[in-house]
Amino acid sequence: MSDDIRGTTAADIADSVRALRERGVLQPGSLLPPVRELAATLGVNRNTAVAAYRQLAQAGLVVSRGRAGTVIAGVDVVAQEGYASDTVLRDVATGNPDPALIPDPFPALATVAGRPVLYGEPVIDRGLDAWARNWVSPDLPHADFRITVTSGAVDAVERLLAQALTRDDAVALEDPCFLASIHTVRLGGYRAVPVPVDAEGMTVEGLRAALAAGVRAVICTPRAQNPTGASMSARRAAELRAVLVDHPYVLLIEDDHFSMLSQHPYESLIGPEHRRYALVRSVSKFLGPDMCLAIAATDPDTADRLAMRLSPGTTWVSHLLQRLTLAQLTDDDVSARVAAAGVHYAARNAAFTARLREHGIDAPVTDGLSLWIELPRPARLVVERLMRRGWLARTGDEFALGDRAEPSHHLRLTVHDLSDDDAATLVTDLVAAVR
């Protein structure tokens, strides 16, 4: 294969590999020649070949697998949240909120019409900006933050990474990790550095190791971590802030996706001296995924960079949607419904875990829409057995960063919308599946 690659400079060599890939001579998974072999074949310095491969890696065209060599990159398939398509099985792996608990937006719709917004006007509704500042201020008491509105939390994270990083930069992600974060980092061409999560959140040693590896950004879920449901303790948050003191310019992104529904206090990693940060809160879990709106409270420099990516005439969030969101958030009845929904999710999940404990499966009571259940057998085996009983579940393997030597022993189940009878049946079938 090295005979097909041409060039005497790093740029020429990279262009040659790119052309071979585009013509189909090199397919995803094709092994490229080792650096020394390529350099000898082309008669160039080894550093030139190294630089060529680095350019290709930064462009997302090749992937280094260490001693296994460098291969042409393909399109990685990443699992997605939501209902599975084309199945007759009862799906208990959705991660969805209960549609019956999402407030009806119809009463608020009549209040949002008004003067049209034109090009060149402020991109953030003033009322929503003021409300969002009051929402965030208690959790960022020492920060000089600004508010940005994006099309959901995933959009916010993608834009935050894009304004701060370049391809092949390292990003610290929780492990196991929220599926959308895995997808966003891979598509952006960044390198994911896993940080283990335990019952108190992101681990101290894991974060310390990631920072030592040179990560430029950290994405953390302080409460209702997806998929584990863990919420950060005050002690752990203080320990992590102490680690971050020496890294004030690492972009720290906190995704508080469960926010108003959470039954746990908010513990932040953003210390008073941290210089690059973003607290992201979407409304999708309590006003519905289709609302596609999130607020990001960021340091002023980050806000300025985001503003360049969210300007009138390009990709700002519709003021109609902003007004609709504000109308619901300031409605007392909606607030009461959201609070009741949070209590409901917690109660239903607690009841299910209590049933499991009665049958010898020790599942922790956590926060969030789903449960993270540890099994005595590999989860894939249990899922296959559940499918024969009519259930579709999701294994922890899908949330893992990178390849694992051992299969996952965890299931993520969304059970809050099951009736008592269906919940009892699922528990019975799950107990049978792990035997």
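Student: How many aromatic pairs does the structure hold?

Tutor: There are 3 of them. Keep in mind that this is a predicted model.

Student: Take tryptophan 131 and tryptophan 135: what makes this pair tilted?

Tutor: Look at the angle. The ring planes are at 50°, and stacked needs under 30 degrees while edge-to-face needs over 60, so the pair counts as tilted. The ring centres are 5.0 Å apart, and the limit for a pair is within 6.5 Å.

Student: Where do tryptophan 131 and tryptophan 135 sit in the chain?

Tutor: Both belong to helix α5 (residues 126-136). They are 4 residues apart, which means about one helical turn separates them.

Student: Is tryptophan 135 buried or exposed, and how do you know?

Tutor: Its relative accessible area is 16%. Buried means under 20%, so tryptophan 135 is buried. Tryptophan 131, at 18%, is buried too.

Student: What lies over the face of tryptophan 135?

Tutor: That's arginine 281, at 5.2 Å from the ring centre. The charged end of arginine 281 also sits over the ring of tyrosine 266, 4.9 Å from its centre.

Technical notes:
Residues numbered from 1 in each chain as written. Predicted model: local features only at pLDDT ≥ 70, side-chain atom pairs only at ≥ 80, totals over all residues. Heavy atoms only, no water. Phe/Tyr/Trp six-rings, centres within 6.5 Å; stacked < 30°, edge-to-face > 60°. Helix = DSSP H or I, 4+ residues; strand = E, 2+ residues; numbered from the N terminus. Buried < 20%, exposed > 50% of the residue type's maximum accessible area, 1.4 Å probe, protein only. Lys NZ or Arg CZ within 6 Å of the ring centre and 35° of its normal.
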